[in-house]
Amino acid sequence: MAAGGGGLMDLPTITTVEQARTRADLRGMSPDCAFLAGGTWLFSEPQNQLNRLIDITTMGWPPLTIRDDGLEIAATCTIAQLVAHDYPAEWAAAVLFRQCADSLLASFKVWNAATVGGNMCMGLPAGSMISLGASLGATLRIWCPDGAERTTSVLEFVTGVQTTSLRSGEVLRSIHIPAAALTSSVAFRRISLAPQGRAGSVVIARETSDGPVLCISAATKRPYLIPARSGVDEAVPESAWYEDAHGAADWRRSVTALLAAEALAALGGAE
Ligand SMILES: Cc1cc2nc3c(=O)[nH]c(=O)nc-3n(C[C@H](O)[C@H](O)[C@H](O)COP(=O)(O)OP(=O)(O)OC[C@H]3O[C@@H](n4cnc5c(N)ncnc54)[C@H](O)[C@@H]3O)c2cc1C
């Protein structure tokens with residue numbers, strides 16, 4: 001593992017940045033250490049509790065692998081790489097990659113550095129890679145510090161506002177989107193209070209073999225996947241609606257119901 005250091009950029013408490021090359025390099029996590037992916041959040045605010053970073057972008061994971069059973073996205077794949085790639089023509093749902101990327105309140109600089117995995121690990125309500133993965137039934141592969149590995153769904157992974165089921169020392173390795181989801185019809189709707197503002201609600205409708213489903217995110221503290229036949233108000237608990245400077249909870253709830261109706265109409269070809 002290569003190491004650098006000596007007061008890094010605008011994080012003055014950081015003395016060492018280790019460039020991970022092998023899985024063994026990812027061990028040795030401690031409370032004063034964090035994994036570094038694109039760094040767009042890590043370098044955006046003080047991290048005074050940290051003095052060491054382990055850079056996972058040096059692991060050499062292929063960003064995107066198209067397989068018969070779907071798409072494997074390395075956690076270190078940038079949002080820009082996800083959007084720029086060519087996908088099989090029958091993957092109708094790949095249209096969501098661009099829509100979800102555009103949904104981030106992010107300049108092109110953030111897009112080029114921010115990783116799909118970093119966005120998921122942040123667990124922010126406006127994390128639109130979370131919306132993407134939740135709507136398409138993605139499976140997350142997580143490397144545990146003892147050498148084991150576990151898988152989970154996005155819906156189980158994100159447990160609340162900036163909280164996930166990731167335990168200390170665990171690394172999100174990859175995100176798998178099944179082929180059946182990628183070939184399904186989808187419709188995307190988003191709203192924010194300001195034209196370029198942070199997402200207030202993101203609703204994605206998707207056709208499945210059991211009928212249409214709705215993925216509700218940004219408006220709620222964590223994503224919800226509900227059958228379209230259930231009303232939004234019935235399926236999403238009152239306590240789930242998120243409130244911050246980018247939208248009041250009651251506004252988010254009412255616009256989400258409207259976006260859900262619009263997305264379902266679009267899915268049914270009513271547009
Ligand atoms: C201008 C600007 C606009 C933004 N807009 C949005 C927005 O609209 N929505 C939104 O959700 N976020 C937004 N963000 C926050 C953040 O930039 C994004 O969430 C981004 O996707 C994080 O990815 P990253 O690769 O840069 O993560 P990093 O900053 O490198 O890491 C973020 C966190 O995740 C951990 N981490 C990263 N990858 C892994 C992994 N594979 N395994 C385990 N832990 C990991 C890190 O240790 C760190 O705690 C914005 C940030 C900026 C600066």
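Which pocket is the space taken by the ligand? In this predicted model, the ligand's space turns out to be the largest pocket. Two elements, helix H4 (116-122) and strand E11 (171-178), are the ones that give two or more residues to the shell around the ligand. Helix H4 supplies the largest share of that shell, with 4 residues.

Zooming out to the domains, domain 1 (2-57) and domain 2 (64-181) both give residues to the shell, so the ligand lies between them. Altogether, 26 residues surround the ligand, and Phe35, Gly39, Thr40, Leu105 and Thr115 are the closest. Sorted by class, the shell comes out as 17 nonpolar, 7 polar and 2 charged residues.

At phenylalanine 35, a backbone N or O atom sits 2.5 Å from an oxygen atom of the ligand. Glycine 38 has a polar backbone atom 2.8 Å from a ligand oxygen atom, and for tryptophan 41 the distance from a polar backbone atom to an oxygen atom of the ligand is 3.0 Å. In terms of surface, the ligand on its own would expose 970 Å², and the protein buries 87% of that area.

Conventions: Residues numbered from 1 in each chain as written. Predicted model: local features only at pLDDT ≥ 70, side-chain atom pairs only at ≥ 80, totals over all residues. Heavy atoms only, no water. Near = heavy atom within 4 Å. Polar contact = N/O pair within 3.5 Å; in protein donor to acceptor, adjacent residues only side chain to side chain. Areas by Shrake-Rupley, 256 points an atom, 1.4 Å probe, with all protein chains shown as cover. 1 Å grid on protein atoms, 1.4 Å probe; cavity = no way out; pocket = protein on both sides within 12 Å on 5 of 7 lines; lining within 4 Å. Sits in = over half its atoms within 2 Å of the grid points. Nonpolar A, V, L, I, M, F, W, Y, C, P; charged D, E, K, R; others polar. Domains from an automatic or database assignment.
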